[in-house]
Amino acid sequence: MKKPSIGIFRNEFALMVMILILFLFVTIILTLLYDYVPIMVHKSIYQESSFWEGFLVNLHNSVFDFLILGVILYYFTNRINEKQKVQEYHENIDDVRFWFTEEATSKIVANINRLNQRGKTKINLSKCYLKGAYLKEARLNNSKLMGAVLQGANLRSAQLDGSDFNGAKLEKANFRGASLIEANMKYIFCEETTFTGSNLTDSNLRQARLINSDFKSVIFKGADFKGAEFNGSSFVKANFMGAKNIDINCIMKAKTLVSSKFDPHIKVEIEKFKPELFIPQQDN
């Protein structure tokens, strides 16, 4: 069944306003001319002036009732319309969820922007194809991005707190300055991915593959790294204070840990076997 469009609601509201204005105009004219244009009816109660006085009083009451009901109707009509538009945008994303084309990416990004404009940040983007998507400063808190293809996507300064990236592909994506507090990033695959200045406090990075990526100045406080890989990645000035389940053998495969902060017992273990990770590399 086809849903009512915005245009129908707007047209109906415009018609209602016009009727109200006409009703108000007639009421005011009749009131002002009451003493000058007597009603020439001489049958039954129509000949009583009290009847016409009461009629005009009730007419005024009707105008106010119409006005009040109109405002209420307009409020609820807008709410219904907004809910329908939000639902429509979500459905538009569902329609192209398993399309692996640039057209799908464009449609999804457009609908994300529309939802953000309406203050909606919780969006289901699981299994969506967002390769190369421009989502700078997008607000996707508590969203679902499980298995999403985000290769080469620009998520710079995006709000992604509490979102679920389980199994997402993030090769060459840009998360510079993004907020990923308490994000679920289990099983993600990163290669040449940029996280410079991002916040991954209390994030779940279990079994994450953080390969050849840049994590400069990233906050990992309270993050869970059980089974995570760090091969070839740069962690300059990263903050691992309070991070859990860091495998010493795995993190020693990182490219550098210069100026990074660790809990004392973790740093002592790393320095014991590979102290050069904390020494700035000299450019040739």
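A salt bridge is taken here as a side-chain nitrogen of Lys or Arg within 4 Å of a carboxyl oxygen of Asp or Glu. In this predicted model, Glu103 forms such a bridge with Lys107, with the closest N and O atoms 3.2 Å apart. Both residues lie in helix H3. They are 4 residues apart, about one turn of the helix. Glu103 is partly exposed, at 46% relative accessibility. Lys107 is also partly exposed, with a relative accessible area of 36%.

The structure holds 7 salt bridges. Among them is the pair Lys85 and Glu88, whose side chains meet at 2.8 Å, N to O. These two residues sit 3 residues apart in helix H2 (residues 49–95), so about one helical turn separates them. Lys85 counts as buried, because its relative accessibility of 15% falls under the 20% limit. Glu88, at 33%, counts as partly exposed.

Helix H5 (residues 264–273) contains Lys272 and Glu269, 3 residues apart and about one helical turn from each other. Their side chains form a salt bridge of 3.4 Å, N to O. Lys272 is exposed, with a relative accessible area of 53%. Glu269 is partly exposed, at 29% relative accessibility.

Positive charge also gathers on the surface. A patch there comprises Lys136, Arg156, Arg176, Lys216 and Lys237. Arg156 is placed in the loop between helix H3 (102–117) and strand S1 (189–191). Its relative accessible area is 36%, so Arg156 counts as partly exposed.

Methods
Residues are numbered from 1 along each chain as its sequence is written. This is a predicted model: local features need pLDDT of at least 70, side-chain atom pairs count only at pLDDT 80 or more; totals for chains, interfaces and linings use all residues. Side-chain values use heavy atoms; hydrogens and water are left out. Patches are made of residues with over 30% relative accessible area and no salt bridge: like charges are joined within 9 Å, nonpolar side chains (Val, Leu, Ile, Met, Phe, Trp, Tyr) within 5 Å. Accessible areas come from the Shrake-Rupley method with a 1.4 Å probe; for residues, only the protein chains shown count as cover. Lys and Arg count as positive and Asp and Glu as negative; His and the chain ends are not counted. The place of a charge is taken as NZ of Lys, CZ of Arg, CG of Asp or CD of Glu. Buried means under 20% relative accessible area, exposed over 50%, partly exposed in between (1.4 Å probe, protein chains only).
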